[in-house]
Each structure stands twice: as C-alpha cells, then as structure tokens.
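Please open the model in the viewer and keep the sequence beside it.

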Amino acid sequence: MRRSCITIDRQYGSGGREVGKILSKKLNIPFYDGELLLMAADRFGLNPGILRDRDEKRSGSLLHDVAMFANSFQNFDRILEPYKMFEAVSTTVCRLAMEGPAIFMGRCADTVLKDVCGSLNIFIYASSMEERISRIHSTDHIAMNHIEAYIKKKDQQRRDYYKMFAEKEWGKMENYDICLNTSSFGYEGCADVIAEMAHGPSRFAGGGKKE
C-alpha cells in the first residue's frame, strides 16, 4: 500500500513554509518547496531560472504565455507550452511521493497526488495583515509602502494558478482537511496540530489508492 503525504497551500506571508519545515522535523519526513523546481529543471532539461520565475504564476492569456515561452526556449525543437512546466513539477512530486511520506508546499500537490497516495491537505493563513507585512518586509525586503499590494498580487497569482491546474478554489475550506491560522496558533502550534492529525489511523501506513 502506498504511503501518505502532506500538502500545504498557504497565503503569502502567512509562514506556511516555516510550518512545513517545523513539521518536517517533528515527523522526520522530507519537506519539498522551491527545490522541486530545480529537480524538475534538471530532470526535464528546463532552464531553472525561468522555471523559478514562473513558479505558481500564470499570465492573463495563453497566447501571451506561448509567445513568452517561444522567446525563452529558443533551443527547443518546438514551442514549450506553459503546461509543460506544471507537468514537469507534477511528475517530480509523484516520483518523490512514491519514495515515501513527504511534505509538499503548494504547486497543486493535493490534486497531483489524489490518484497516487492518500494525502492530508492543509491550508495555512494569517488573519493579521500586520504580521504578514512584517514577515515579508524582513524576509523578502519589499519596501513598506508597496508590501500590502504585493501580498495581494502574490495571493492572486496563487489563486489563479490553483484554479487553472487544480480546477478548484484556492483557500476555500471545503477543499482542505483543515485550515490553520498562524496568527492564532503560531508556526509551532500549527505544526503540532498537523502532526497530531498525521499520526492518526493509517495516515502513513495504509491510506491512499488501493492496488
């Protein structure tokens, strides 16, 4: 029986990445975030810089995407469609999930893994915009007068990406097993709740698709 994984979607600036890292240590299982891009780039021969720049983003039109990709991948025999990136990352997620329990951050991992293994699907948010602003200012060094607009832009990019590839609404509670507020529980507290859920019956020893 294939083992289970944990997927985490998160608001920008909510501390979801920190929750994932803490959880990884508590459960002693791998945590995959941006390094998934590098794995996909290496395996599929993509340019990691361009792949990283387009991570969890989607422009307003398919024609714009195709034109941009045509200019960016001039050495390819044919135009690399925008969906190729999602396919590359998704294949990497599936390969890693088959190796054993792991934590995957974003990138529609809940949808990607639905027919691969049983996953515990989490959404992390922060009700305090002040906390999100403070965090982004310290980690990404965005100017204070632009941070709130930048946060909204990043969240919208993730919402559009999720709707495009998962065909579901990002952040809608019905799409997750639990939604946790770091402003209330803190990073450690959220990780504790998820760890307790993960230790439930058959989470890492039986859930998922039956052969």
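Begin by selecting helix 7 (residues 129-139) and helix 8 (residues 147-165), which pack at an angle of about 95 degrees with their axes 10 Å apart. Helices here are DSSP runs of H or I with at least four residues, strands are runs of E with at least two, and both are numbered from the N terminus. Axes are lines fitted to C-alpha atoms, for helices over the stretch in contact, and angles run from 0 to 180 degrees between N-to-C directions. The angle makes helix 7 roughly perpendicular to helix 8 (65 to 115 degrees; under 35 is roughly parallel, over 145 roughly antiparallel, and the rest oblique).

The model is predicted: local features need pLDDT of at least 70 and side-chain atom pairs count only at pLDDT 80 or more, while totals for chains, interfaces and linings use all residues. Residues are numbered from 1 along each chain as its sequence is written, and side-chain values use heavy atoms, with hydrogens and water left out.

Now display the side chains between these helices. Met129, Arg132, Ile133, Ile136 and His137 of helix 7 meet Ile147, Glu148, Ile151 and Asp155 of helix 8; contact means heavy atoms within 4.5 Å.

Five strands form an open sheet in the order 2-3-1-4-5, with parallel pairing; two strands pair if DSSP finds at least two bridges between them. The edge strands, each pairing on one side only, are strand 2 (31-32) and strand 5 (178-181).

Within the sheet, select strand 4 (residues 119-125), which pairs with strand 1 (residues 5-10) in the parallel sense over six bridges. Cys5 stands opposite Ser119 of strand 4, and Arg10 stands opposite Ile124 of that strand. Strand 4 also pairs with strand 5 in the parallel sense, over four bridges. There, Leu180 of strand 5 is the bridge partner of Ile124. Six of the seven residues of strand 4 are buried (under 20% relative accessible area; exposed is over 50%, partly exposed in between, with a 1.4 Å probe and protein chains only).

Helix 9 lies across strand 1, strand 4 and strand 5, and runs at about 145 degrees to strand 5.

Turn now to the aromatic rings, which form eight pairs in the structure. Rings of Phe, Tyr and Trp (its six-membered ring) pair if their centres lie within 6.5 Å; planes under 30 degrees apart count as stacked, over 60 as edge-to-face and the rest as tilted. Select Phe86 and Phe165: their ring centres are 4.2 Å apart and their planes stand at 10 degrees, so the pair is stacked. Phe86 belongs to helix 5 (residues 83-99) and Phe165 to helix 8, 79 residues apart. Phe86 is buried at 16% relative accessibility, and Phe165 is buried with a relative accessible area of 16%.

Then select Phe123 and Tyr176, a tilted pair with 5.2 Å from centre to centre and 45 degrees between the planes. Phe123 lies in strand 4 and Tyr176 in the loop between helix 8 and strand 5, so the pair ties together parts 53 residues apart in sequence.

Finally, select Gly20 in helix 1 (residues 16-27). Is Gly20 buried or exposed? At 0% relative accessibility, Gly20 counts as buried. Not counting residues up to four places away in sequence, Gly20 touches Ile8, Phe31, Ile103 and Met105.
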